[in-house]
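Opening the notebook on this one.

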Amino acid sequence: MPIPYKARKAILANKEGKKLYHPQVVIIGNCSLNDLAKEVAELSSLSTGDVKNTVDNLISVMTRHLQSGESVTLDGLGNFTLSFKSRGNGVENPDDVSPSDARLRINFRPATTRNNDRTVATRSLLTGSSFVRWGHSALTSGSGSTETEEPDNTGDSGSGTGGNPL
């Protein structure tokens with residue numbers, strides 16, 4: 001199924017003073033852990049409860065490792081790390097630095113494979129993506145052809161922006 005997107009006007013103007021438009025992914029729903037567990041159970045010999053229990057335990061173990069200062073890599077999925085995002089301007093003395101001056105964040109970097117020339121060949125969870133403009137397709141009308149755009153391997157959505165707009 002193609003990824004729905006819409007045009008979004010930039011908040012800030014560019015150097016020429018123009019507010020340009022960029023593609024924005026449209027989120028049309030949510031898939032819960034229970035939904036995922038049911039689908040994985042259909043593809044395996046495990047029950048829905050077994051799959052949900054395994055994922056719950058994976059989250060607990062990942063939390064423990066992240067909170068102990070380790071990064072967590074799930075082969076074929078990606079890498080999770082913790083970082084701080086500063087809330088203020090900082091302090092002059094290193095002894096005055098405090099975690100209360102920042103917000104704790106989880107960073108995710110999808111797994112990638114590389115071509116011989118070191119360019120990105122695939123990004124985990126993105127390989128094989130296609131796009132459809134929201135409101136202009138069978139997604140909303142229920143019939144007809146979809147207006148899809150195939151991305152290249154560099155992450156360009158084919159939107160004509162000359163690179164990954166995100």
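Predicted model: local features only at pLDDT ≥ 70, side-chain atom pairs only at ≥ 80, totals over all residues.

**Entry 1: a pair in a helix.** I started in helix α2, residues 48-67, where D56 and K52 both sit, four residues apart, or about one turn of the helix. How far apart are the closest N and O atoms of D56 and K52? I get 3.1 Å, and the two form a salt bridge. I then looked for others, but the structure holds one salt bridge.

D56 comes out at 29% relative accessibility, so I put D56 down as partly exposed. K52 has 27%, so K52 counts as partly exposed too.

**Entry 2: the sheet.** Next I traced the strands. Three of them make an open sheet, ordered β3-β4-β5, with antiparallel pairing. Which strands stand at the edges? They are β3 (72-74) and β5 (102-110); each has a single partner strand, so one side of each has no neighbour in the sheet.

For L82 I wanted the bridge partner in β5, and that is I106.

**Entry 3: rings.** I searched the whole structure for aromatic pairs and found one. The rings belong to F80 and F108, with centres 4.8 Å apart and planes at 45°, so I log the pair as tilted. The cut-offs behind that call: under 30 degrees would be stacked and over 60 edge-to-face. F80 is in strand β4 and F108 in strand β5, so the pair ties together parts 28 residues apart in sequence.

Is F80 buried or exposed? F80 has 17% relative accessibility, so I mark F80 as buried, the limit being under 20%. F108 has a relative accessible area of 37%, so F108 goes down as partly exposed.

**Entry 4: a nonpolar patch.** Last, I went over the surface. L82, F84, L104 and I106 form a nonpolar patch there, with about 410 Å² of accessible area together. The elements giving two or more residues to the patch are β4 and β5. I picked out L104, which is found in strand β5. L104 has 54% relative accessibility, so L104 counts as exposed.

Note on methods:
Residues numbered from 1 in each chain as written. Heavy atoms only, no water. Pairing = 2+ DSSP bridges. Patch = residues over 30% accessible without salt bridge, like charges linked within 9 Å, V, L, I, M, F, W, Y side chains within 5 Å. Areas by Shrake-Rupley, 256 points an atom, 1.4 Å probe, with all protein chains shown as cover. Salt bridge = Lys/Arg side-chain N within 4 Å of Asp/Glu carboxyl O. Buried < 20%, exposed > 50% of the residue type's maximum accessible area, 1.4 Å probe, protein only. Phe/Tyr/Trp six-rings, centres within 6.5 Å; stacked < 30°, edge-to-face > 60°.
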